[in-house]
Amino acid sequence: MKGKILPYLFIVFISLHAIPALSQKETWNWYFGNNAGLSFSSGTPVPLPGGMTHTLEGTSVMSDANGALLFYTDGITVWNRNHAVMLNGGGLLGDMSSTQSALIIPKPLNDSLYFIFTVAAFAHPQGMCYSVVNLKADGGLGAVITKNVAMVTPVCEGLTAVKNCNGQDYWVVTRQFNGTEFYSWKVSSSGISNIPVRSATTNYIGNPFLLGTDAIGFLKVSPDGKKIANLHHGLSYCELGEFDNSTGAVTNVIKIAQIPPVPERNTSLSIETTSYGMEFSGDSRRLYLDLGLMIYDQSSPDPSYYKSTLNQYDLLVHDSVAIANSHYFVDSFNSANSNRLWNALQMGPDGKIYSASFLLTSLGCIRSPNLDGAFCDYQRSAVSIGTGVIQLGLPNFCTSYFNKKDFLVTANCNASTFSFEPSNPAGIDSVKWDFGEPVSGPANNSTLMNPVHAYSATGNYTVQLRIYSHSSCRNLIDTVQKIIAAGAIPVLNIGRDTAVCLHDSITLTSDLTGSSYSWSTGASTRSVRVTQAGRYWLQVNINACSYSDTIVISDLALPVFSLGRDTLVCGTGQLYISPTPVYVPATYSWSDNSSANQLNVTATGSYWLQITDASGCKYRDTVQVDLKPYPLFSLGRDTSICSGDSLVLNAAVSGATGYAWSTGQSVAIVKAANAGNYWCEVGKDGCTYRDTLVLAVKPLPAVHLGRDTIICEDKTYLLDATNPSAIYDWQDHSTQSSFMVTSAGTYSVTVTMNGCRNADTVLVKYQLKPHFSLGPDKEICTGITFPLTPQITAGSDVPLNYLWQDGSTTPTYTVTQPGTYTLQIGNTCGTTTDQLVVTTGTCTLYIPSAFTPNGDGLNDLFRSLYGDNLVSFHMQIFNRNGEQVFGSKDRLKGWDGIYKGIAQPEGTFVWMLHYKVAGDPAEYMRKGTVTLIR
């Protein structure tokens, strides 16, 4: 029943079974996440190193009846007990992103064969498969002998198993995707049934707009095999049905809202669920749902924030309204991101439920999941997993391993009369109680479901409950024992009235262990810490009885003082610190254990003083004192530079925090080029140091050799660099104050005066008079002309003047007859003259290639030219038909283009010539063509 009170002297809980019981040691070893592991062999979970998993979600682990590891898997790879990949242990069709990727179930009545069931992620086509492991293979390390036998597709990511009511066989269950059915396969000594038990519901899973995400979520059958629940990401409900572990059928499926009654439900624009983890309590009475919520408070595609909630529901009545009304927030917090919205829940062999949160290094824990509301006792960071990293999933086990029976105890106010009740009466046919007090005779036993027993004496009593249940498979007997204490009426005392120093706190604690606590502060814990004066009371409820006590807390003034502000002392100084005001009488305690009323500080540090007054009240103040050296540096001695030069001023100090120059600059190094006073302030660690330098600027000697110039070739040029008392260094290392230029070249001088140097360079070019030649004397033949052009070798880089013997001024002169030809060429630097004599010469024979007999007096005849040295001559001309159209032995005669009185047409004619040259006995023959042009 909701609201039962814990017995205040609850001591121990033992669960036994009349039939061969599950030892639960099969669940002692856990491997999950990124190399995360836990061992429950000591009764308390401790980190278990060596695990090889590196997966996002579901795993499954199998240990033997003594708790020794056999093997484990992430639904893809199988590792043996030595953490090596099992023989043929790769390539299973689970998925690292499948909620319950894998589940290991032993084959009944077989000591070596195990089934590994796998389901794909997001309802992918691989669906549900099974593989078979033989532990006797590979020298006892095991091998996968059958792999990836297809069972059904598509299915959701949930995968669970529970014992058949016969206590020997198993039911393995999953949920149809794109459909309404649950599938249950029976696993017996004969193997896996060929056809599953199909149970239809009114809920269709497979919303096409959710892209397979509604396949995400845990599926669990309760430990007693009577209930089944399935979460679906993105949907507004959790499916809760009744499971028949004799037939595998799912019936009476109802809906539990997946958005709990959070305040945001009435204020936000919308809420979406990212439900994931789920677990039943060990007594199958309560259901825990991990429901992540995305809260939309504005018209935006992104959530305004996220809310992680852990929720408890009472399943005593299979009714959606009653279950919704039983809701309790076990834990709830807001978050700016979605990392904490996916939390797996899994029962441990110690009866506690553990929660996994993404990328944390510790698990949360529901320490008493069989109890209502806050009494379930949830802690967010309860179990460290060492060096491993938690992802989203935890190991998947057959839920029957966690089937527990329990009963509730309440007592009256005299602490001697107790009421008893099974914690989950559903499915119980009859009970038998033994109250552990034989002296009470027949009253020591009862067959009532809710008996009351009054103990006759104070003491501890062992109460035993035997539960009888009947099913179509067998009769069950479960035995539960608890030790309770019967005693005198308690008296509550939270302490005497007292005074505490102002701002101090005092912890008030109930000396009675109760079922509930109610303080005047509103707290409901056994202890409270108070920091203010006032009247405080506590009411403790024990066995439905209330006890109260009151205490008055008053304030004592503190010896308040100040050591002053944090301070900085630069250089090599020291500082005395003392409190203001000074308290007498009082005890002084400095941070260096001295007890004087002042402290001489000689080193950097944090110094505190605590003064304890006569009332014992203490007050402490702290001051930070920094003794820092000056950031010393030097700009150097006062100095001077030459005009145009600069001086580098370096004030660099390692670790400096700032530079301030008289120039306004804020860097470590600057250049100074002008006369004046230069200073820099350097700051470091709050201390500042300044150095100053006086800079003078000396003038440079005046040096100006003039512009680059040009002089004529027979001239000189004087360069003058005279400065008083100066030293001169010319390009040829001469040392006079001036230099006479007599040839073209580059001339430079460096003048040093008062330690300052200046230099100048000038380019002097020489301009030459024209240098040219008309060439050697020449001959000319009658009727011949030729140009006379001077060959100029120098002086032509400036304008030239030409003057021929006849007064003409052109650069070229045409010679037509023998004679003496004279040319005078001048420029800005002078003139030069040259002559050439042309005489009559002997010219060789010349035959033209065309003639134009058109009567214009120009080239009307075709004849030979020159040939004054010929002694014989005979020319013949032929047309294209081979006829001779002209012939002559006189070289001065020619053809006028007429043959037989007819002017010949335009065209090409062949000529042939025989001749002899004077002084040469040989006769020569030449031939060629001539073109007649009309």
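**Entry: the ground rules**

I am working with a predicted model, where local features need pLDDT of at least 70, side-chain atom pairs count only at pLDDT 80 or more, and totals for chains, interfaces and linings use all residues. I number residues from 1 along each chain as its sequence is written, and side-chain values use heavy atoms, with hydrogens and water left out.

**Entry: strand 23 and its partners**

I started with strand 22 (residues 278–280) and strand 23, which are joined by three bridges and run antiparallel. I found Met 278 opposite Leu 289 in strand 23. The two strands form a hairpin with five residues between them, and in the turn I noted Ser 284 with a positive phi of about 65°.

Next I looked for other partners. Strand 21 (residues 270–273) pairs with strand 23 in the antiparallel sense over four bridges, and here Ile 271 stands opposite Ile 295. Strand 24 (residues 305–314) also runs antiparallel to strand 23, with ten bridges joining them. In strand 24, I found Tyr 305 as the bridge partner of Ile 295.

Is strand 23 enclosed or open to the outside? I read that eleven of the eleven residues of strand 23 (residues 286–296) are buried, so this strand is largely enclosed by the rest of the structure. Buried means under 20% relative accessible area, exposed means over 50%, and partly exposed lies in between (1.4 Å probe, protein chains only). Both faces are covered: the buried residues include Arg 286 and Asp 290 on one side, and Leu 287 and Ile 295 on the other.

**Entry: a buried lysine**

I then turned to Lys 220, which is found in strand 17 (residues 219–221). Lys 220 is buried, with a relative accessible area of 1%. What does the side chain of Lys 220 reach at 3.4 Å? I found the backbone oxygen of Met 278 there. A polar contact of 3.4 Å also joins the side chains of Lys 220 and Gln 346. A polar contact is a pair of N or O atoms within 3.5 Å; within protein, one must be able to donate a hydrogen and the other to accept it, and residues adjacent in sequence count only if both atoms are side-chain atoms.

I also listed residues in contact with Lys 220, leaving aside its neighbours within four places in sequence: among them are Gln 100, Thr 160, Glu 279, Phe 280 and Thr 399. Contact here means heavy atoms within 4.5 Å.

Strand 6 (residues 69–73) is mostly covered, as five of its five residues are buried. Strand 5 (residues 60–63) runs antiparallel to strand 6, with four bridges between them, and Met 62 stands opposite Phe 71. On to strand 7 (residues 78–80), where I counted three bridges to strand 6, again antiparallel. Phe 71 stands opposite Asn 80 in strand 7.

In the hairpin of strands 5 and 6, with five residues between the strands, Gly 67 takes a positive phi near 90°. In the hairpin of strands 6 and 7, with four residues between the strands, Gly 75 takes a positive phi near 90°.

**Entry: disulfides**

How many disulfides does the structure hold? I found four, where a disulfide is a pair of cysteine sulfur atoms within 2.5 Å. One of them joins Cys 570 to Cys 687, S to S 2.0 Å. This pair links distant parts of the chain, 117 residues apart, with Cys 570 in strand 43 (residues 567–570) and Cys 687 in strand 54 (residues 687–698). The torsion about the S-S bond is about -95°, so this disulfide is left-handed. Cys 570 is partly exposed at 25% relative accessibility, whereas Cys 687 is buried at 0%.

I looked at another pair, Cys 642 and Cys 756, with sulfur atoms 2.1 Å apart. Both Cys 642 and Cys 756 are buried.

Terms used:
Two strands pair if DSSP finds at least two bridges between them.
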